[in-house]
Amino acid sequence: MRLQPRNKRLYKKAVEIFKLSRNISNYLIHDLAPLQNNGSEHPYIYFTGDIIRQSDALVPKIIKAENQTFQDDRIEQANSLIHLTNRLYKNCERLEQSESNGKEFLVLLRKELKKFKHLQRNWMMTL
């Protein structure tokens, strides 16, 4: 089993997205962590963890897809990666609606996700 993906550009972009999402989450958490006036948690607080968890899963999904023996299994794993990328993008959109100073950084993350999706489409053609 290969531990390094064949497509280095896709891999590097996935690592970049993970680092960026971790930094954005660390920045946003300070704005979203305090309790609201009514004593409840901020409704967007969990999306900060979701973007880290989802972006952390990108590289393993790429490697898993490339290591499948049969093409149908590779395509299934690649489709799973598309679904994960779409959820990550949607969570970025949700976080942009929060009352935070760091939401402009989410625009940058979404741009990087668009680039990743483009690389991902090209990568899927090689599976």
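Helices (H or I, at least four residues) and strands (E, at least two) are DSSP runs, numbered from the N terminus. This is a predicted model, in which local features need pLDDT of at least 70 and side-chain atom pairs count only at pLDDT 80 or more, while totals for chains, interfaces and linings use all residues. Residues are numbered from 1 along each chain as its sequence is written, and side-chain values use heavy atoms, with hydrogens and water left out.

Select Gln-54 in helix H2 (residues 45-56). Gln-54 has a relative accessible area of 4% and is buried (under 20% relative accessible area, with a 1.4 Å probe and protein chains only). Its side chain makes a polar contact with the side chain of Asn-91 at 3.0 Å (a pair of N or O atoms within 3.5 Å, where within protein one must be able to donate a hydrogen and the other to accept it, and residues adjacent in sequence count only if both atoms are side-chain atoms).

Next, select Leu-58, in helix H3 (residues 58-66). Leu-58 is buried at 0% relative accessibility. Beyond four places in sequence, Leu-58 touches residues including Ala-14, Ile-17, Thr-85 and Phe-116 (contact means heavy atoms within 4.5 Å).

Then show H4 (residues 71-96) with H5 (residues 103-126): their axes come within 9 Å and cross at roughly 165° (lines fitted to C-alpha atoms over the stretch in contact, with angles from 0 to 180 degrees between N-to-C directions). H4 is therefore roughly antiparallel to H5 (angles over 145 degrees).

Technical notes. Angles under 35 degrees count as roughly parallel, over 145 as roughly antiparallel, 65 to 115 as roughly perpendicular and the rest as oblique. Buried means under 20% relative accessible area, exposed over 50%, partly exposed in between (1.4 Å probe, protein chains only).
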